[in-house]
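My notes are below, in the order I made them.

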Amino acid sequence: MEKLERIHPNRQVMAFIFMMVLVQVRSEATIRYSVLEETESGSFVAHLAKDLGLGSGELAVRSARVVSDDFKQRLLLDPETGDLLLREKLDREELCGSVDPCVLHFQVSLEKPVQYFQGELLIQDINDHSPEFSDREMLLEILENSQPGTLLPLNLAQDLDVGSNGLQQYTVSPNSHFHVLTQNNSEGKKYPELVQDRVLDREEQEELSLTLTAVDGGSPPRSGTTMVRILILDINDNAPEFVNTPYEVQVLESSPPDSPVLTVSARDADAGNFGRVSYGLFQASDEIQQTFSINEITGEIRLKRELDFEKIKTYHVKIKATDGGGLSGKGTVVIEVVDVNDNAPELTISSLTSSVPENAPETIISIFRVGDRDSGENGKVVCSIPEELPFILKSTFKNFYTLVTESPLDRENRAEYNITITVSDMGSPRLTTQHTITVQVSDINDNAPAFTQSSYTLSVRENNSPALHIGTIRATDSDSGSNAHITYSLLPPHDPQLALASLISINRDNGQLFALRALDYEALKAFEFPVAAIDQGSPALSSQVVVRVLVLDDNDNAPFVLYPLQNASAPCTELLPRAAEPGYLVTKVVAVDRDSGQNAWLSFQLLKATEPGLFSVWAHNGEVRTTRLLSERDAPKHRLLLLVRDNGDPQRSASVTLHVLVVDGFSQPYLPLPEVARDPAQDDEDVLTLYLVIALASVSSLFLLSVLLFVGVRLCRRTRAAPLGVCSVPEGHVPGHLVDINGSGTLSQSYQYDLCLTGNSGTGEFKFLKPMIPNLLVQDAGGELEENLHFRDSFVFS
């Protein structure tokens, strides 16, 4: 294929024209190509990228598009090679009819930046049609008195090809009466005209039959024939004449078929049959014959089919009037088609992006072209979209528009837009075309996961089973897809000494928390740790929340008696002055419970005493006091059995045995006791009591020994660096099984004792030293009572 400008003069003229064409292409952005009709689809037309001065890969990067003016995609652009190809076979006669040259206008649009080029494709004709006559036979009547040189115009043949391939000449079969001339009419079409060579003699020959041949100029040439019958008539010396010629009339293109257009009239001065006139179309093309009809008698012209202003705006119809003698007169009717608004606007999408990322401003959604086949005000169009949408229309080139985002989009606010483009013309009534574009807003990871709570507090009872589900944390992400897929993970706790990995695990997919082992309230009452929620976006976004786990107490510890110590080798003996007043404080049972809350509320009860009415114990503080004055008949030695119970469910308890020695004064504590006659029943009861005390003491001793071993091992691990023989006091708080919990134990401010474990003790013995804040309830005992207290507080229990 060659460009239209590439013609074949001498080299200098050719070079000059080529340079002028290049300048025109660059300045006017118009490119011209040519191609033969009926060329196979996919055939190469031109290297468009080279002609535009672009690289072959640049067309693909800039989203090059080729759009034809007739709203049909007849060309195909290969963006990789930059070649312009035919999308389909092109039929010049179908596209342009008799119009020559046949030019197909197209535009080339580029993006980034937006740029347009005007293009023209010349469709060259090939000789693929033969001349054809509308009638297989033509009847021609001629007066016998016609003179040599008389011209007889004949109906022309139609050849759809143009130029040199079109009809060139007519020939007639050899005869002695006529020869044919090829003439051009006012429209430039060639028609045959018979020329009489000699005088006719009807008596000698009434009819002549000639073969008329139409030949085109193709290579090889094509031809078509028709039969011409010539009837020789008697003399008729007046031909019909039209009253008005040319006739001019306007017809609305919306007129229905069979609508009257115009009535023509012709007059003939002859009389009789020679003066009778009949009407017909003359030298009418196929288009005119298919569109109009004329009544032979009345001369009324009517429509045979609907008109289309956009296709043909004006018709030049030739008519003839023939009298009975065969003479005819010619006339012309000019029919102007008046446009009506019968074509809705058209919209052609050149480029469309169905998905646009959020937060991307000034993004091109679509490039499209609008037009209207009507003319004047009917062909003017306006384009609009709904105002409430975050998009705007920009007019770029001629009737091209660009649809772009007006502001960044937010997928979380709206994920899809249906944009209706409305194109209206200015005709009356207005015609409207709407086209809806669906735009999906694609997600970017711009939202971090958000927990449903600002913090989480979970509760779990101690002594739980391993792998127990203790709760679930949940975070949401307003993004979508992988950007909203959340995984959970444990973060290092703020307390570096907390072994979180051995306590808690989390399901990374659903945020379920599990306790890995049984928890002990007495060792760990509460702990907290951060949890992270991370999405799968790129880059990943995360958020944190603090989870606090509260360990709930169970009543799993029995009360533990600190004083008097029950596993000592020597029983604890309390001294009671015989002169003690009622309410005298004999001693105070000190006990603690490692549990908390009501599980650690302790109550004391006197189960058994040698003298039941002599002593009483306060239920809430464990103080053992006398209830009356002692008499000489009271035994000098008393044994008390006390029960310490907590308030848990189920209740747990511990027993303690007290020995009370009645003395006359603290200066002679070891005087021999007076002999008292023993009651045999009392002896049996003492033996039973002894067995009970031994059993309780054994159980208590084993329990205390276990506790001491456990405490000793723990303390020894922490104080391995301490020298032997040094009393080691644990740093910080005293272990929970030896101290008052939250003030709910039985150690009051009046009875706080210094407690120390000897590092070199093989038996793990306790030493109760002097009270830090002694509270002497009985002041009238004087020095003896102080000496007795000092003596009692200095006991060593081993």
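The entries go from the whole chain to strands and then to salt bridges.

**Ground rules.** I am working with a predicted model, where local features need pLDDT of at least 70, side-chain atom pairs count only at pLDDT 80 or more, and totals for chains, interfaces and linings use all residues. Residues are numbered from 1 along each chain as its sequence is written, and side-chain values use heavy atoms, with hydrogens and water left out.

**Whole chain.** I looked up the secondary structure and got seven helices and 55 strands in the protein chain. Helices here are DSSP runs of H or I with at least four residues, strands are E runs of at least two, and both are numbered from the N terminus. Of the 798 residues, 42% count as buried, meaning under 20% relative accessible area; exposed is over 50% and partly exposed is in between (1.4 Å probe, protein chains only). The accessible surface comes to about 41700 Å², and 52% of it belongs to carbon and sulfur atoms. Those areas are from the Shrake-Rupley method with a 1.4 Å probe; for residues, only the protein chains shown count as cover. Then I checked contacts (heavy atoms within 4.5 Å). Taking those between residues at least 6 apart in sequence, 68% join residues at least 24 apart.

**A three-stranded sheet.** I found an open, antiparallel sheet with the order β36-β40-β39. Strands pair here if DSSP finds at least two bridges between them. The edges are β36 (468-472) and β39 (504-506), each pairing on one side only. On average, neighbouring strands are turned by 30° against each other, direction ignored; the axes are lines fitted to C-alpha atoms, and angles run from 0 to 180 degrees between N-to-C directions. β39 is joined to β40 (residues 512-515) by three bridges, and Ile506 stands opposite Leu513.

**Around β49.** Which residues of β49 are buried? Glu623 and Arg625 on one side and Val624 and Thr626 on the other all are, so I noted both faces of this strand (residues 623-626) as covered. β45 (residues 585-588) runs antiparallel to β49, with three bridges, and Thr587 sits opposite Val624. β48 (residues 615-617) also pairs with β49 in the antiparallel sense over three bridges; there, Val617 has Val624 as its bridge partner. β48 and β49 make a hairpin with five residues between them, and Gly622 in the turn has a positive phi of about 75°.

**Salt bridges.** I searched the whole structure and got 18, counting a side-chain nitrogen of Lys or Arg within 4 Å of a carboxyl oxygen of Asp or Glu. One is Glu40 with Lys89, closest N and O atoms 3.2 Å apart. Glu40 is in the loop between β1 (30-36) and β2 (44-47) and Lys89 in the loop between β5 (83-86) and α4 (92-96), so this pair ties together parts 49 residues apart in sequence. Glu40 is partly exposed at 47% relative accessibility, and Lys89 is too at 44%.

Glu362 and Lys394 make another, at 3.3 Å from N to O. Glu362 lies in the loop between β27 (355-357) and β28 (364-371) and Lys394 in strand β30 (residues 391-397), so the parts tied together are 32 residues apart in sequence.

I also looked up Glu412 with Arg411, closest N and O atoms 3.3 Å apart. Glu412 is partly exposed at 25%, whereas Arg411 is buried at 13%. Lastly, shared partners join Glu137, Glu207 and Arg229 into one salt-bridge network.
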